[in-house]
Amino acid sequence: MELSKTYLDNIKALKSAILQSRYKAATLVNKELLTLYFTVGKFISIKIEEEKWGAKVIESLSADLQIELPGLRGFSATNIKRMRLFFEAWKDQFLISPSPTAKSEAIDLQEITFSPSVTAQLENSFSNVSFTHHIEILQSTKSLDERIFYIQKTASEFWSLSTLKNHLNNQTFQKTGSLPNNFSKTIANDEIRQKALQSFKDEYLLDFINIEDNEDKDERVLESEIVQNIKKFLMSLGSDFAFMGNQYRLIVEDEEYFLDLLFFNRRLQCLVVFELKTGKFKPEYMGKMNFYLSALDEYIKQPHEQPSIGIILCKEKKNKVVEFSFKDFNKAMGVSTYKTSTVLPTAYKGLLPDVETLKKLMD
């Protein structure tokens with residue numbers, strides 16, 4: 001039996017309504033849990049301050065709660081300590097009042113609203129983020145602005161815990177908007193320019209890449225590693241990027257040209273080229289990128305799309321050299337660096353043998 005279009009539309013409408021309802025229900029449940037954990041955190045914080053509760057008391061409390069409420073989840077000693085952290089981290093940003101339904105002999109559940117200074121930034125995001133995500137953010141950030149950034153991103157882009165950890169490890173907050181670029185003179189629309197600045201980072205952590213730190217290494221090796229781990233690379237870029245291909249073929253006047261990596265950014269509504277360089281940035285890279293972007297805009301870009309953007313991803317760069325190199329080019333470009341898991345932190349350099357020395361020792 002062939003289903004009519006009207007019937008299928010009805011199914012889609014019902015499906016949408018069910019999913020929206022489930023999402024709202026989950027949000028309400030999460031909000032209640034966060035309220036409960038905040039209240040328990042306040043209770044524990046006060047007891048530690050006034051009655052000098054220690055770790056053993058909290059462990060006993062957790063064990064006794066399991067006896068009183070068999071099968072209770074989320075109230076391990078570790079989690080109760082996290083509830084205290086949750087309360088103490090946010091107490092100065094909340095306006096707190098007891099619930100009107102709370103009994104006087106019980107611990108009052110707190111009605112939590114944000115103070116005016118952070119309301120606009122958080123009211124639509126905070127309760128959409130799980131307690132586990134909140135704790136990960138609190139343990140990995142240093143400032144309120146940084147905290148708010150990750151909460152908003154987690155809520156709006158539906159980051160899983162592993163995705164959040166990846167962005168925290170990559171210091172996305174610090175690197176977002178710091179990309180050396182020429183957007184101010186090549187992107188006329190203020191809104192699109194701001195979106196572009198927020199879409200790219202000064203440095204990308206490619207900890208899934210496993211290549212030796214060698215300036216002469218063929219860029220195709222780096223490209224191959226990225227393509228084999230394209231899902232992880234997309235996580236590094238952000239949720240708005242869609243992968244269109246590597247060695248993307250362009251034909252100009254019967255000659256072939258190949259772009260290393262080509263993406264489409266839904267938020268910016270434009271094509272984005274990544275050209276890969278395993279060594280230091282060189283000024284001549286700009287001319288090649290400007291040519292690629294002109295060709296993309298002429299032959300590939302759709303009429304409704306914004307002009308293409310190019311990012312040169314290299315191992316090292318000097319910002320003044322990049323700044324001078326941007327001059328006199330009319331296409332939107334930026335220069336980022338990448339870091340792999342093989343890069344040894346500066347503090348440890350000299351303390352361990354280099355790769356070549358280790359190879360000789362192993363032979």
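## Helix packing around H5

Let's start with two helices: H3 (residues 77-90) and H5 (residues 131-140) pack at an angle of about 65°, with their axes 10 Å apart. Axes here are lines fitted to C-alpha atoms, for helices over the stretch in contact, and angles run from 0 to 180 degrees between N-to-C directions. H3 is therefore roughly perpendicular to H5 (65 to 115 degrees; under 35 is roughly parallel, over 145 roughly antiparallel, and the rest oblique). The model is predicted, with pLDDT of at least 70 needed for local features and 80 or more for side-chain atom pairs, while totals for chains, interfaces and linings use all residues. Residues are numbered from 1 along each chain as its sequence is written, and side-chain values use heavy atoms, leaving out hydrogens and water.

H5 also meets H6: their axes come within 10 Å and cross at roughly 150°. H5 is therefore roughly antiparallel to H6. Helices are DSSP runs of H or I with at least four residues, numbered from the N terminus.

## The largest cavity

The structure holds three cavities of 30 Å³ or more, and the largest has a volume of about 170 Å³. A cavity is a set of points on a 1 Å grid where a 1.4 Å probe fits but cannot get out, and lining residues have an atom within 4 Å of a point. The volume is the space filled by probe spheres set on the points, which are joined across faces, edges and corners.

Of the 19 residues lining the largest cavity, Lys-153, Gln-198, Ser-199, Leu-237 and Gly-238 are the closest to its centre. H6 gives the largest share of this lining, three residues.

Definitions and conventions:
1 Å grid on protein atoms, 1.4 Å probe; cavity = no way out; pocket = protein on both sides within 12 Å on 5 of 7 lines; lining within 4 Å.
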